[in-house]
Amino acid sequence: MITPIEGFSKLTKEEKINWIAANYTTNPENTKAFLKVYWNSDLQLQKLHDEFIENTISNYYLPLGIAPNFLINNKLYAIPMAIEESSVVAAASKAAKFWLGRGGFKTTVLGTEKVGQVHFIYTGDAKKLERFFILIKPVLFSETAELTASMKKRGGGITKIELRNKTNELANYYQLHCTFETLDAMGANFINSCLEQFAKTLKKEALLFSAFDATEKNIEIVMSILSNYVPNCLVRAEVSCKIEELQENPNISSEKLAQKIVQAVTIAKVEPYRAVTHNKGIMNGIDAVILATGNDFRAIEAGIHAYASRSGSYTSLTDASIENGIFKFWIEIPMALGTVGGLTNLHPLVKIALEILQKPTAEELMQIVAVAGLAQNFAALRSLVTTGIQEGHMKMHLLNILNQLGATETEKEQLTTYFKTHTVTHSAVASAYNKLKND
Ligand code: MEV
């Protein structure tokens, strides 16, 4: 029987591995050996990775791929993508090449505003709280001056502090709703430090405000934290071409393809079941670049899905139109990214990914990420409304199936050639593999 463990975090890495392998795996020796296979032989490098998180027992690898030929605002990029799903990098590369010959992607950053809130409970007269807030607003700025000095010098800092009365939603609930410009940093630490100082100032000043009665003086801070919902930290990416330039597949006319893509987007706009999968495909591209560049994909995911629901119903992140013979396809998405600080200065592969992207500013990275999302959606829709997704997907998945079956390199080569002209399904691959083995 497995019993709880005290002080797991205090064990050495070796002891942690021994404990987990002995208590939770059926073949402890095998587990231990495998966990070590994934260690880096460069001990300094391994230590760096060990220290990213707590209780590290090994490294978890994801492939890092490159999707080349992305023309973005007339500059050529090769985009690094970290992802486990086959087809994603291939689809991105295909879409990049397709649009390369049609003017490439055009992008614009529509805003860079980050958000943070101090959530608090105030029981008393709302008008008095407003007067108090106006009075202490300069103090909120002055008491964070030290924290913001360096950011301010570079052109960023706190851009706005508002008092918001949320008592219609929740009794006695108010906020300081604050906005920030954090330049090339994602800004989480900067924002949270400012917010925690605001909270202290708010509480301290309330005790000194003579117009408050005893209950009103007792402001209760619930929490101070940035928001990953950043609807004004927004980027737009777009592609367009003459309708007749859209056709590549002889089985469907350009007009029909354009119409079907617009129809597919329209369905995703009105039908949440489809919108979720449509947007999941977009996130295939976005998350892969976010991961490769050392950004926080959970934050980006949460913010983007909230944005997709901003009308009250979950909808498509992309849009498409046909007007005056022009097919246009675009995306507008919010994201708070950093190209300095955090993992960007630490993880060697992240540094290389950023170098491959020509050391982008946070704004440039927002544009690259939006393009990766748009390209992914274009590739998915083009397959879905023509051949279906499985044809390309299963071709890409072939190697995974062959690896699962334990095929050798020669067998993989032979079967890849065979499946160039045969339909890939799990059972078709298994039986072709068995046949090859028994021949
Ligand atoms: C698979 O990872 C993503 C797709 O399902 C996206 C879509 O349906 O649009 C192909």
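## Accessibility and the basis of this report

A residue is called buried under 20% relative accessible area and exposed over 50%, with partly exposed in between. Asp296 has a relative accessible area of 31%, so this residue is partly exposed. The structure described here is a predicted model.

## Domain layout

The protein chain is divided into domain 1 (8-50), domain 2 (64-108 + 235-387), domain 3 (114-227) and domain 4 (393-438). Between the centres of domain 1 and domain 3, taken over C-alpha atoms, the separation is 45 Å.

## Salt bridges

The structure holds 18 salt bridges. Side chains of opposite charge can pair when their charged atoms come close. One of these bridges joins Lys280 to Glu85, at 2.9 Å from N to O, and this pair links distant parts of the chain, since Lys280 belongs to helix α10 (residues 272-292) whereas Glu85 sits in the loop between β2 (75-82) and α4 (88-100), 195 residues apart. Lys280 counts as partly exposed because its relative accessibility is 40%, and Glu85, with a relative accessible area of 25%, is likewise partly exposed.

A salt bridge also connects the side chains of Arg164 and Glu162, again with an N to O distance of 2.9 Å. Arg164 is partly exposed at 30% relative accessibility, and Glu162 is partly exposed at 24%. Asp296 pairs with Arg298 in a salt bridge whose closest N and O atoms are 3.4 Å apart.

## Ligand surroundings

The residues surrounding the ligand are Glu85, Arg274, Thr277, His278, Lys280, Gly281, Asn284, Ala380, Leu384 and Ile389. For Asn284, a polar side-chain atom is found 2.9 Å from an oxygen atom of the ligand. Taken alone the ligand exposes 300 Å², of which the protein buries 82%.

## Nonpolar surface patch

Leu64, Ile66, Leu349, Ile352 and Ile356 form a nonpolar patch on the surface, and together they have about 390 Å² of accessible area. Strand β1 (64-72) and helix α12 (348-356) each supply at least two of the patch residues, with α12 giving the most, at three residues. Ile66, which is found in strand β1, counts as partly exposed because its relative accessibility is 39%.

Definitions and conventions
Residues numbered from 1 in each chain as written. Predicted model: local features only at pLDDT ≥ 70, side-chain atom pairs only at ≥ 80, totals over all residues. Heavy atoms only, no water. Patch = residues over 30% accessible without salt bridge, like charges linked within 9 Å, V, L, I, M, F, W, Y side chains within 5 Å. Areas by Shrake-Rupley, 256 points an atom, 1.4 Å probe, with all protein chains shown as cover. Salt bridge = Lys/Arg side-chain N within 4 Å of Asp/Glu carboxyl O. Helix = DSSP H or I, 4+ residues; strand = E, 2+ residues; numbered from the N terminus. Buried < 20%, exposed > 50% of the residue type's maximum accessible area, 1.4 Å probe, protein only. Near = heavy atom within 4 Å. Polar contact = N/O pair within 3.5 Å; in protein donor to acceptor, adjacent residues only side chain to side chain. Domains from an automatic or database assignment.
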